[in-house]
Amino acid sequence: MKNRLWLLPAVALGGSFGANALADDTTLSYGQLERLLNSAEDYGFNRYEKLDADHDDNRFEIEGWRADGWELDVSMTLNDGTLTRESQRKSIAPDWGLTREELDAALSKARAGGMQHFAELEVDSNGHVEIEGYNAQQAQFELDLHRDELNYEHLDSGSENG
């Protein structure tokens with residue numbers, strides 16, 4: 001009987017380690033995500049359609065457009081942003097793709113809503129934005145937004161009323 005009692009804490013701990021491992025294996029911290037987005041910007045992205053973290057393949061996939069209209073689909077390594085695959089085709093950048101400012105605003109809303117680790121973001125031609133990740137308790141986090149919710153003027157932190 002004593003042996004069985006010891007199994008419960010072990011199972012409970014194992015379950016929490018499994019949830020942590022799931023979030024860690026499939027998501028990015030905000031610091032990692034910021035570094036990869038800076039690499040994407042250096043590569044030429046100025047509008048974004050999809051971001052996807054894939055730890056199994058050590059890959060961060062980005063789909064979007066450059067300012068000259070070329071549609072881009074690239075993969076980078078998660079650890080340092082090294083380009084591992086790229087695909088380009090001449091296109092016209094649609095107005096529904098997220099700018100970096102809109103992307104940052106969407107990620108800020110997700111973070112304010114409790115998302116601690118990023119997994120995926122996707123915007124469609126109707127402006128619907130879906131963000132997936134995990135909260136601090138390693139529970140799956142999902143946020144649905146519309147692109148119009150991200151088009152607001154940033155308040156100057158130096159201006160105060162009064």
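My entries follow, in the order I looked things up.

**Ground rules.** I'm working on a predicted model, where local features need pLDDT of at least 70 and side-chain atom pairs count only at pLDDT 80 or more, while totals for chains, interfaces and linings use all residues. Residues are numbered from 1 along each chain as its sequence is written, and side-chain values use heavy atoms, with hydrogens and water left out.

**Core.** I started with the largest nonpolar core, which has 34 residues. For my notes, such a core is a set of buried Ala, Val, Leu, Ile, Met, Phe, Trp, Tyr and Cys residues joined through side-chain atoms within 4.5 Å. Buried is under 20% relative accessible area, exposed over 50%, partly exposed in between (1.4 Å probe, protein chains only). The residues with the most contacts inside this core are L51, F60, I62, F118, L121 and I131. Among the elements giving it two or more residues, I see α2 (30-43), β1 (45-54), α3 (100-112) and β5 (115-123). Helices (H or I, at least four residues) and strands (E, at least two) are DSSP runs, numbered from the N terminus.

**Helix α3.** I checked its length next. Buried here are R100, E102, L103, A105, A106, L107 and A110. They pack against α2, β1, β5, β6 and β7. Just past the helix, G114 has a positive phi of about 115 degrees.

**Strand pairs.** Which strands go with β5? I count strands as paired if DSSP finds at least two bridges between them. β1 joins β5 antiparallel through three bridges, and β5 joins β6 antiparallel through seven. L121 of β5 stands opposite L51 and has I131 in β6 as a bridge partner. The β5-β6 hairpin has four residues between its strands, with G127 at a positive phi near 90 degrees.

I then moved to β3 and β4 (residues 83-89), which pair antiparallel over six bridges. D73 has S87 of β4 as its bridge partner. Five residues separate the strands of this hairpin, and G81 in the turn shows a positive phi of about 75 degrees.

**S75.** Buried or exposed? This β3 residue is buried, because its relative accessible area is 2%. Leaving aside neighbours within four places in sequence, S75 is in contact (heavy atoms within 4.5 Å) with R59, F60, E61, T82, L83, T84 and R85.
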